[in-house]
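Keep the model open as you read.

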Amino acid sequence: MSRRPGRSPALLLLSALAAGCALPTLPGIEGPPAPFALRTALLDGLAEREAAVRTLRGTATVTVSAHGQRRRFREAFALEAGGRLRLEQYEWTGIPTMILASDGEAVAVHLPLARQFRHGRASPENLGRLAGLPLAPVTLARLLLGLPPLRVDRWRVAVLGAPGAPALTLISEADGAAQALRFTPDTFLLQEGELHEGGRPLLRFRFGPAEPLDGVPVPRSLTLWHLPDGVEVAVAFQALELNAPLAPGLFSLAPPQDAGVSIVDVDRADRP
């Protein structure tokens, strides 16, 4: 039985060089390429984390700072790695003030005290209208899960960092956006990063220290800075449960049957 010849080391080297010609870059982010073994270990670790984090639910304290004001909330949340999320916001008395859900295609919010129900496409514009943070729901869900905002294609990334450097930087592109991610070189945990769109920085984020949850390191805090409008969101997680089964209907909201509730399609309305 004949065996198919393997690719020669020279051909592998030429392929790597060809791929290197198209590696993504971002202005102001420079450094020497990381050694091949370090690059491979980082990308393998990132792929393992993507596979290990499927769902997350728990509670959090959320602090939003914008336009010189600061507000603090209690939230319960449920997330899926595919980009589905549910956020429930409560007053400190325990009264629900907002329920937001997205299945990745649509996003809806119910404001019980205001007797309003708003819904539309799962777009950054609509999440900005409904929750005050103009990000795609899938981007927000991935960050809350402790994942990079964009899924990383290991064949189209640049990994920068000399041996002994305090951090490794990964640059990748997807869907017209780009991200720069910084990892610890010993544990390969994601520390912080930026998301760019149209060549301009859109979002900066930083994760706090991670603690193991069912053997998976999970950040206990997250801070987001939406750069165009100066909004800062700080999330402190509590009572986390990793990879618990979640009900399929959790990520969609039906309009309340109460005739007194105002229902608004934000895609059709000039204003939410």
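The charged end of Arg204 sits over the ring of Trp225, 4.5 Å from its centre. A charge counts as over a ring if NZ of Lys or CZ of Arg is within 6 Å of the ring centre and within 35 degrees of the ring normal. This is a predicted model, where local features need pLDDT of at least 70 and side-chain atom pairs count only at pLDDT 80 or more, while totals for chains, interfaces and linings use all residues. Residues are numbered from 1 along each chain as its sequence is written, and side-chain values use heavy atoms, leaving out hydrogens and water.

Next, ring against ring. Rings of Phe, Tyr and Trp (its six-membered ring) pair if their centres lie within 6.5 Å; planes under 30 degrees apart are stacked, over 60 edge-to-face, and the rest tilted. By this rule there are two aromatic pairs. Phe77 and Phe237 have ring centres 5.7 Å apart and planes at 65°, so they are edge-to-face. This pair links distant parts of the chain: Phe77 is in strand E2 (residues 69-80) and Phe237 in strand E15 (residues 231-242), 160 residues apart. Strands (E, at least two residues) and helices (H or I, at least four) are DSSP runs, numbered from the N terminus. Both Phe77 and Phe237 are buried. Buried means under 20% relative accessible area, exposed over 50%, and partly exposed in between (1.4 Å probe, protein chains only). Phe205 and Phe207 form an edge-to-face pair, because their ring centres are 5.7 Å apart and their planes at 65°. Phe205 and Phe207 are buried too.

Now look at helix H4 (residues 137-144). Seven of its eight residues are buried. Among them are Pro137, Leu140 and Arg142. Gly146 follows H4 with a positive phi, near 85°.

Arg115 has a positive one, near 55°. Arg115 is in the loop between strands E5 (106-111) and E6 (116-121). Its relative accessible area is 38%, so Arg115 is partly exposed. Phe188 also has a positive phi, near 60°, and lies in the loop between strands E9 (177-183) and E10 (190-197). Phe188 is partly exposed, at 21% relative accessibility.

Finally, confidence. pLDDT is the predictor's confidence in each residue, from 0 to 100. The chain averages 88, and 91% of the residues score at least 70. Over residues 1-21, pLDDT stays under 50. Where pLDDT is low, the predicted coordinates should not be read in detail.

Key. Contact means heavy atoms within 4.5 Å.
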